[in-house]
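Hi,

Here is the structure I promised to pass on. Have a look at it first, and then read on for what turned up.

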Amino acid sequence: MLSQPDLWMHLDFTEARRKVHWRSFRAFVQRSRALLTHAVMTNISTPFQDRVLEALSRCPKLEHLDIRDPITQPNGLYDVFRSSAQLKSLVIGKQTPVAQENIAKFLSSLTQLELLEIHNAQPSPESRVHWPSHLPNLRSIALFTEASMPAPGRVPALYIPPATVS
């Protein structure tokens, strides 16, 4: 590990031949000393997704997170990662719906975020969507959806508030 310290900082099971079990994931995180900087969550065995997400959220240097597996509790993603202070990019794939209210919450709490990419944005009630007024580090936001126009009183899936100049 001393000759290649960066080897254990990037986690990506994209090429795994079968679903990754919790023990394999845990061994990788332990080998990295929980200092992962990049993680692509894919091919994780479904019963262990919550444990994997929780373990990733405890990696203090995690900067880039790409969630490709469908998440069974998508509303819980914000709660798990809201204190991931070093996160600079967050990509959530098409299989996981993300409500506008959670998109706004991610932007409010993840102040280092430079890139946010949501592939299945969903509408939310207007009363629950509170976009931050200042996004100092955000360079790119991409929202994709297949949702139709929402009912009155709901924020559309692809809503981005107009920029204010101060």
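Since helices come up a lot below, here is how they are named: helices are DSSP runs of H or I with at least four residues, numbered from the N terminus. One more thing before the details: this is a predicted model.

**The whole chain**

There are 4 helices and 10 strands in the chain. Going along the sequence, they come in the order β-α-β-α-β-α-β-β-α-β-β-β-β-β. A compact globule of 166 residues would have a radius of gyration near 15 Å, and the chain, at 17 Å, agrees with that. Its C-alpha trace spans about 55 × 35 × 20 Å along the principal axes.

As for what is inside, 40% of the 166 residues count as buried. Of the contacts with a separation of 6 or more, 72% are between residues 24 or more positions apart.

**Helix α1**

In helix α1 (residues 22-31), the buried residues are Trp22, Phe25, Phe28 and Val29. Looking down the axis of α1, these buried residues fall within an arc of 130 degrees, so they line one face of the helix. What do they pack against? The partners are β1 (10-12) and α2 (49-57). Arg23 and Gln30, on the other side of α1, are exposed. Just after the helix, Arg33 has a positive phi of about 60 degrees.

**Leu56 in α2**

Leu56 is a residue of helix α2. Is Leu56 buried or exposed? Its relative accessibility is 1%, and buried means under 20%, so Leu56 counts as buried. Setting aside neighbours within four places in sequence, Leu56 is in contact with Leu11, Phe25, Leu36, Ala39, Leu62, Leu65 and Phe81. One of these, Phe25, is also among the buried residues of α1. Ala34 is 22 residues from Leu56 in sequence, and their C-alpha atoms are 8.1 Å apart in space.

**Helix α4**

The buried ones are Gln100, Glu101, Asn102, Ile103, Ala104, Phe106 and Leu107.

Over to you, and enjoy looking around.

Best wishes

How values were computed:
Residues numbered from 1 in each chain as written. Predicted model: local features only at pLDDT ≥ 70, side-chain atom pairs only at ≥ 80, totals over all residues. Heavy atoms only, no water. Helix = DSSP H or I, 4+ residues; strand = E, 2+ residues; numbered from the N terminus. Rg over C-alpha atoms; globule rule 2.2 N^0.38 Å. Buried < 20%, exposed > 50% of the residue type's maximum accessible area, 1.4 Å probe, protein only. Contact = heavy atoms within 4.5 Å. Arc of directions from axis to C-beta.
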